[in-house]
Amino acid sequence: MAGRAEPPDGGWGWMVVLSAFFQSALVFGVLRSFGVFFVEFVSAFEEQAARVSWIASIGIAVQQFGSPIGSVLSTNFGPRPVVMTGGILAALGMLLASFATSLTHLYLSIGLLSGSGWALTFTPTLACLSRYFSRRRSLAMGLALTGVGLSSFAFAPLFQWLLDHFAWRGALLLVSALSCHLVACGALLRPLSLTEDTAVGGPRAQLTSLLHHGPFLRYTVALTLINTGYFIPYVHLVAHLQDLGWDPLPAAFLLSVAAISDLIGRVASGWLGDAVPGPVARLLMLWTTLTGVSLALFPVAQAPTALVVLAVAYGFTSGALTPVAFSVLPELVGTARIYCGLGLVQMIESIGGLLGAPLSAPTSRPQELVIEVLDTKVSLHKEEGLEEE
Amino acid sequence: MLEKNITLESPSLVSLTCEFTPSGNVTLVNVTWTRGTELMLRSPHAVFADNTVHAQYQFSIINSKQMGSYSCLLEGKQEQRGTFNFKVPELSGKNKPFITYVGDTAVLVCKCPKCLPVRWAWYRSNGSEQVPIDALMNDTYVISGTHSNKTKLKIKNLREEDGGAYWCRAEFQLGQSTDQLDLVVLSFLVPLKPFFAIIAEVIVLMSIILLCEVYTKKKKKHPDDGKEFEQIEQLKSDDSNGVENNAPRQRKK
C-alpha cells in the first residue's frame, strides 16, 4: 500500500473512533468502576480496603509504564496485532482472577496481567487515531474519550448487578468475557501508512530522537504535573462533601453531575480544538488554568449551590483538557513518531499519578462522641423529644 | 397522641414523667398509668398554678414480662395520653441474599452495633421450621463470637442443599430479636452460560469485521482497468503537486 501524504480525516477513521471509544470504555471504565468489587474483596479475603485498592493501582501503573512497549511493538507490527494481543491478555487476567484464593493472586492476575493487556491496547489505539485525523483530530479524540465517562456510568451499576447475581467469582468471569471485546476493537484498527513513516526510522531511532526533543520533554513534564493532581478530586470529593455534612446519596449524585459535565467538556473541547485557529497548546493552557482555579475554590466554598457550580466547572474543564492534551502531541512530534511519543508520555506521567495519591492522603476525621447509657430516665414534654441520660 | 420508642437491653430502674395541660378550670385530676391493657397505677394529682399537671411513675424492668407499652392517661372531658414503647435492640436487617458457589466457604455475619447480647444463637430453615445449628455436633459449621456484639457462622464445603434461610438470634435479659439471612448456593455452570454466549458474540463480531475487510480489498483489486486509471491519475497529480507533497505535512488551519 503506497503511503498517503495526508491523514484521511474521516472515512475509515470514524471506525477507528468507534474502536477507541469502546476501548477507553473497556479499559478505563472498568478501572474506574472496579471500586464496586473492592467491597466484596474486603469481606471475601478479610483484608483492609487500602490493601485491596492496590489492585487498581498496580493495574494503572502497569498500563502506563508498559505503554512504551505497546508503542514499540505497534511501530514494528502495526497497531492491530498488538491491540488484539492486549485484549486477550486483559481478558485472561480477569479470567484467572475469578479463581483467586488470595489477594496476591489478584495483584498478579488483574494488576499485572490485565494491566499489561491494557498497556498494549490503549496507547496504540489513541496513537493510531491521531494518525487517521489531522483537521478534526481534537474532535475525534474528544469523541473517543467520552467512552471513559459513559462507561463509568454504565459499568458501576452493571458490576453491582453482576455481583448481586453471580458473586465476585462469576462477575469477574463475565467481565473477562466483556474484555474480549477489546480484541474485536483491535480488529477495526486497519493499518495506515503515511509518507513520513519511512523518514523517521525504527522504534529505537524514534525513541532516541524523542528523548533529545526539547519541546517533547517539556510537554512531558507538564503532563506529569497535570497527572499528579488529575485523579485526586474524584477520589476525595465525596469524603470532602461528607465532612461538610452532606448525606452519601446527594454526594454521590454530585459526583455523577461532575462526570456528566466531564463528558460534555470532552466533546465540546474536541470540537473547539479543531474550530479555533492556531496552536492547540493555547487551549490546553486555558483549560488547565480554569481547572486549577475551580479546584482552588473548592476549600473556600461552603454553600451547596457554590459547590454544585464548582463541581460542574471542575468536571467540564478537567474533561476539556484531556482531548487537547492528546492532540498537542502529534503536532509536537509528528504522526510518524506518535506511537513511541505517546508511550513515553504515558510512562513518565504515571510517576505523577503514583505520587499524587500519597501526597493527598486525607487528614484524620474527628472522633465521634460516645454517649454512655447508664440508667434510663424518660420524660415526656409537650414538644421536646425524649432525653436519655 | 404522643408516642416514644425506647431501646433497652438490660434490667434498669425506670422513671417516666408526663406533663399535661388540663382543659377547663380544675384543681384536681386523675392520672392513670397502664401497661398494655393492665392498670398499673391510678392516683389523683393537683393542678399547679400555671395549669400543668406533673405525673411520675417509677418502676424497675427486670425481665421480658415488664417490657411493653406504658401509657400515662389524663382522665377528663378531653382525654390526653402519652405512650412509651420499651423494646429490645433490633438487628440490622439488611436482607441482600448471599451468593456463593458449590465448594466455597460462606461466612454469615450478624451484628448489633450498639448493643451487647447475652448470647447469640443460629438457626436454619427446615421446611417451615427453625432448626438450631449445633456447631459442636457438626463440623461443617463454625460459630464464632457468641458473646460479643458480632457473630459469624462459617459454613465450609457448601453444597446446593445448604442454600436457604438462616436466622441469627440475639438474646438479651429482657427479650430477644432475630434477623434473617438468605444463602444462595450456585453451581459454577450458572455464570458459564452467559460467559460462552458473550465469547461467541465476540467471535462473530470479529469474523464480520475481518470478512468485510477482505471483501473491500477484493473489490479494490478486481477492476484492473480501474487500477491502472488510478495510477495514471496519481502520477499526474504527483507531478503538479510535487512541491507540496515533499514539504513536511502541515496541519491545515
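**A threonine in a helix**

A:T317 sits in helix α15 (residues 304-333) of chain A, where helices (H or I, at least four residues) and strands (E, at least two) are DSSP runs, numbered from the N terminus. This is a predicted model, in which local features need pLDDT of at least 70 and side-chain atom pairs count only at pLDDT 80 or more, while totals for chains, interfaces and linings use all residues. Residues are numbered from 1 along each chain as its sequence is written, chains are lettered from A and ligands numbered from 1 in the order in which they are written, and side-chain values use heavy atoms, with hydrogens and water left out.

Is A:T317 buried or exposed? With a relative accessible area of 6%, A:T317 is buried, a word that means under 20% relative accessible area, with exposed meaning over 50% and partly exposed in between (1.4 Å probe, protein chains only). A polar atom of the A:T317 side chain lies 3.2 Å from the backbone oxygen of A:Y314. Not counting residues up to four places away in sequence, A:T317 touches A:W287, A:L290, A:T291 and A:S294, where contact means heavy atoms within 4.5 Å.

**Nonpolar cores**

A nonpolar core is a set of buried Ala, Val, Leu, Ile, Met, Phe, Trp, Tyr and Cys residues joined through side-chain atoms within 4.5 Å. The largest one has 85 residues, and those with the most contacts inside it include A:F34, A:F41, A:L106 and A:L172. Helix α7 (residues 137-179) of chain A gives the most to this core, namely 19 residues. Apart from it lies another core of 43 residues, with B:L8, B:L16, B:C72 and B:Y166 among them.

**The length of a helix**

The buried residues of α5(A) include A:P79, A:V83, A:G87 and A:A97.

**Chain B**

Chain B contains three helices and 15 strands, and buried residues make up 34% of its 253 residues. Of the contacts in chain B with a separation of 6 or more, 64% come from residues 24 or more positions apart.

An unreviewed UniProt entry annotates residues 195-215 of chain B as "transmembrane region", although such annotations may be inferred rather than shown by experiment. In the model this span is 100% helix and 0% strand, with its end C-alpha atoms 30 Å apart.

Notes: Polar contact = N/O pair within 3.5 Å; in protein donor to acceptor, adjacent residues only side chain to side chain.
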